[in-house]
Amino acid sequence: MDKPHLRKLQMYEAVLVYLETKNAIWSASTTFKTEVEALKTGITNIKEKDRINKKSNDATKGKEQKRDAMIKATSKICDAGVAYADSIDDAELRGKFDFSPKELGEGNVEIVIARCRQIGNDAIPFTSGLTDWGMPTDYLAVQSATVEAFELASPKGKDIVTTGKSTNKEMNSEFKVIDTHLKRRLDKLVNGYEDAAPDFVTEYYDKRYIGGRKKKVVPPTPPTPPIV
């Protein structure tokens, strides 16, 4: 949740806490009760959607980390493969490994996974030669594991991210609903207590300010001129 939304949510919660603290003033009004419950429900909905968004962001980061690990591992095989193929003057073999990290990552998820997996498979018959040219021992198993990890993360991660994007739109709509609810309903209900409970109204609007009531700046008192 970004800072403006967070500050607004904090304002909603401050309003709700204040109203519940002062429920003796308005509890006789069924309408007031209904509107306070609506505010409480709106706050709960926003928090739940924010939780889903955080899960979506975590899934995105995790997926990106697994993709980076796969590209890095495959690139190491490619470097050794190109060097080895060049040392035996095998242009066809060199073509199987001649990919930069950028080229390894081109295309959609399925294409990238298939490319990295194929490179790992192509390297198997030449393990000894690639090891001579800098590929760590048993590295093909490491690279294969990174491919599997990214493949497993991709479908599930995609679903979570898609859900997160949809939920983010819903959360923004929920903020608009609560803003309208406060302005058109609760504010009007509170205004009805201006004569019976003026302090209640004043404090309510204090909570309605994001960050609290703005303090007035009092100019310094000018110095008294000396008596001559």
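Visitor: How many disulfides does the count come to?

Guide: The count comes to 0 disulfides. Keep in mind that this is a predicted model.

Visitor: What makes Cys78 a cysteine in no disulfide?

Guide: Look at the sulfurs: the nearest cysteine sulfur to that of Cys78 belongs to Cys116, 7.7 Å away. Cys116 is in no disulfide either, its nearest cysteine sulfur being that of Cys78 at 7.7 Å.

Visitor: Why is Cys78 called buried?

Guide: Its relative accessible area is 1%.

Visitor: On to charges, then. How many salt bridges are there?

Guide: The count comes to 11 salt bridges. One of them joins the side chains of Arg51 and Glu48.

Visitor: How do you know that Arg51 and Glu48 meet in a salt bridge?

Guide: From N to O the pair spans 2.7 Å. The limit is within 4 Å, so the pair passes. Arg51 and Glu48 both sit in helix H3 (residues 30–87), 3 residues apart, which is about one turn of the helix.

Visitor: Why do Arg51 and Glu48 count as partly exposed?

Guide: Arg51 has 45% relative accessibility and Glu48 has 36%. Buried is under 20% and exposed is over 50%, so values in between are called partly exposed.

Visitor: What makes Arg94 and Asp86 a salt bridge?

Guide: The closest N and O atoms of Arg94 and Asp86 are 3.5 Å apart, and the rule asks for within 4 Å. Arg94 is partly exposed at 25% relative accessibility, as is Asp86 at 48%.

Visitor: Which residue forms a salt bridge with Arg117?

Guide: That's Glu151, with the closest N and O atoms 2.7 Å apart.

Visitor: Why say that the Arg117 and Glu151 pair ties parts together?

Guide: Because Arg117 lies in helix H6 (residues 109–123) and Glu151 in helix H8 (residues 139–191), the pair ties together parts that are 34 residues apart in sequence. Arg117 is partly exposed with a relative accessible area of 28%, and Glu151 is partly exposed with 32%.

Visitor: Which residues are linked in a network of salt bridges?

Guide: Glu20, Glu37 and Lys40 are linked that way.

Key:
Residues are numbered from 1 along each chain as its sequence is written. This is a predicted model: local features need pLDDT of at least 70, side-chain atom pairs count only at pLDDT 80 or more; totals for chains, interfaces and linings use all residues. Side-chain values use heavy atoms; hydrogens and water are left out. A disulfide is a pair of cysteine sulfur atoms within 2.5 Å. Buried means under 20% relative accessible area, exposed over 50%, partly exposed in between (1.4 Å probe, protein chains only). Helices (H or I, at least four residues) and strands (E, at least two) are DSSP runs, numbered from the N terminus.
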